[in-house]
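Subject: Structure for your review

Dear colleague,

Please find below the structure that I am handing over to you. I would be grateful if you could look through it alongside the notes that come after it.

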Amino acid sequence: MTARVEFKNIGQRFGEFVALDNVNLDIEAGQYAVLLGPSGCGKTTLLMILAGFISPTEGDVLIDGKSYNDVPPAKRPTTTMFQDYALFPHMTVEANVMFGPKMQGAGRKQASERAHSLLQMVNLWDARDKKPHALSGGQRQRVALARALAVEPDVLLLDEPLGALDLKLRRQMQDELKAIQREVGTTFIHVTHDQEEAMAIADKVVVMNHGKIEDSGPAHRVYLQPASLFTAGFMGEINLIAATLSGISDGVARFASPFGNIDLPASSILTKTLNPGDPAQLGIRPEHFRLADSSEAVSLGSAVVRNCAFFGAHLRAILSPEAQPDLSLIAHYAQSQKLSDGDRVNIKVERDAVIVL
Amino acid sequence: MILRLKSLGMAGYLLLLYGFIFLPVATLVLFSFQEGRFPIPPFNGPSLKWYQAVFSDHKLTSALTNSLLVALISSAFACVLGFMAAYGFARYRLPGAAAIKATISAPLTVSYLIIGFGLLVSFNLIGVSRSLFTVGIGHVVINTPLCFAIIYASMGDHQLNIERAARDLGAKDWQVMLRVTAPMLMPSIIAAYFLSVTFSWDEFIIAFLLSRFDVTLPVEIWSLLRSGLNPKTNAVGSVVFLISVVIVLLLEFTIFRRGALRDRQS
């Protein structure tokens, strides 16, 4: 049970407030898509439009090529898993899962078989007679998942499903969600503001801001080659250096910057229209800084280490470059490096990893 | 030292307050066990003979049954009506909702005398003769706003997503109400029911105005009192009091305990 989802020119206004502005998005059948963005970006509104709880001011929602405007939630091949799980507090875990099939006309035996197989899948068969209040947060989340899947939806909508869990459980549950999605093959659309969660589970990450889609694609592409400055900043920490394009020749783009001329492969220019003389931002992720010299590295002169902290997996340093002392660069170095505040280092950056926006 | 005095003072105040509230009831109950013919000091008992007199008095026992019937049935109607009104106001945006809500709650502020009188006139007008049925209608009128207020207060947005989820899973509106909303609100529905039962149980004015041959217990007690005080009136008063206490205790131990337990666990 799976289906392709298309949003066509979706617009949503709440009075004067524009929640969604001409949103176009395709999600393939069986894909795990994650809508990612800060609060108020419209991601939950988009999900609620697909669920049928909100009807859009403009545009069409297509599921499996069929328009579902003005079809109530119950009549859509979608099921929503709510942020607060919305379990029925007066019913046992098993009765919660059986509710959907029963409402859709299944007999008692059929509904109970369905509940049995789903509760086994989420490892909660032993807790079938408990009430939701006797379960832990992670268990409630799994009951909600089983209940939503019990009606065999083509598309499962998850509204910040892991938001109420602590970090460790969240990481564990996101692996479980992904495994279950692979098992059932249903299209999952998941809303979150946690970019690590998004990258960990999504086949397709959709970055949203101010009611618009900023970028969408596989996690590595969105992270390494973001389509916009917003995406670059939202997906993770990034250092931005103002520069001007001097010219492009033989596939090499030369930029004038406070650090002198910087030569980069022309393919690192991600915005399509950049002419000589245009201002640009050079983006460098903290993990692309190196201490050792190599021919593949761009040199940005020397810098003073202002603040250095051990983060376990890496060493995080804040650098004050000599060429532009008021700029702070955040660099991650290997955990084995010995650095302390006040040290002087040469700034080296992997050439292929620099992006131009 | 000052602290001791302060807490002594508070204890004294509490004693006075409870004395003020419960002394009349205690006196009533005490003299229901009087051996002699007048419920006045000195106390010479205890004796159960007046209770025996109450339960062998056919008029009193049938009034007691009438009262229970009216209380149980009219409260059920009041609860269903109150619940449906609360559901409507909490879940739908109605034109003029504030005004309708005020109108529904209005009987709470109008005196029972006026309501009873109004009903009496109305029943006369449409030619319905006075009976236990009309008393029951009167009690539905006074208790529906109460049930509405209690149930409406317990409906919040936190149940909204649960109802949405039920609808999303294919439940129709009436199924959501019956299988999800009502069970979720059961503690407050039962609280409203029992409170309504106690109110109906000892309501006098409306019962007096709207009944004729079959009367409820308060009306029967009133006619008993007209023939003067005797320990039998004390005994029947004690029975009324006892039943009210039992209802309140039932409420306390079933509903409120369970709610508190659940709050602690979640």
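Predicted model: local features only at pLDDT ≥ 70, side-chain atom pairs only at ≥ 80, totals over all residues.

Domains of chain A

Chain A is split into domain 1, covering 5–233, and domain 2, covering 237–356. Taken over C-alpha atoms, the centres of these two domains of chain A are 38 Å apart. Where they meet, domain 1 of chain A contributes six residues and domain 2 of chain A contributes five residues. The side belonging to domain 1 of chain A consists of four nonpolar and two polar residues, with no charged residues.

Contact between chains A and B

How many residues does each chain bring to the contact? Chain A supplies 19 residues, and chain B supplies 16 residues. On the side of chain A, strand S6 (78–81) and helix H2 (93–103) each provide at least two residues. H2(A) gives the most to that side, namely three residues. By class, the residues of chain A that touch chain B comprise twelve nonpolar, six polar and one charged.

Helices H3 and H6 of chain B

Two packed helices are described by the angle between their axes and by the distance between those axes. In chain B, helix H3 (residues 58–91) packs with helix H6 (residues 132–153) at an angle of about 40°, and their axes are 6 Å apart. The crossing of H3(B) with H6(B) is right-handed. Their contact holds 18 nonpolar and eight polar residues, and no charged residues.

Val70 of chain B

Val70(B) lies in helix H3 of chain B. Is Val70(B) buried or exposed? Val70(B) is buried, because 27 other C-beta atoms lie within 10 Å and the cut-off for a buried residue is 20 or more. Leaving aside residues up to four places away in sequence, Val70(B) touches Leu132(B), Val135(B), Gly136(B), His139(B), Ser200(B) and Thr216(B). Leu120(B) is 50 residues from Val70(B) along the chain, and the C-alpha atoms of the two are separated by 17 Å.

With kind regards

Notes:
Residues numbered from 1 in each chain as written. Chains lettered and ligands numbered in written order. Axes fitted to C-alpha atoms, helices over the stretch in contact; angles between N-to-C directions. Helix = DSSP H or I, 4+ residues; strand = E, 2+ residues; numbered from the N terminus. Left-handed = near helix turned anticlockwise from the far one by under 90°. Nonpolar A, V, L, I, M, F, W, Y, C, P; charged D, E, K, R; others polar. Domains from an automatic or database assignment. Contact = placed C-beta atoms within 7 Å. Buried ≥ 20, exposed ≤ 12 C-beta atoms within 10 Å, placed from the backbone.
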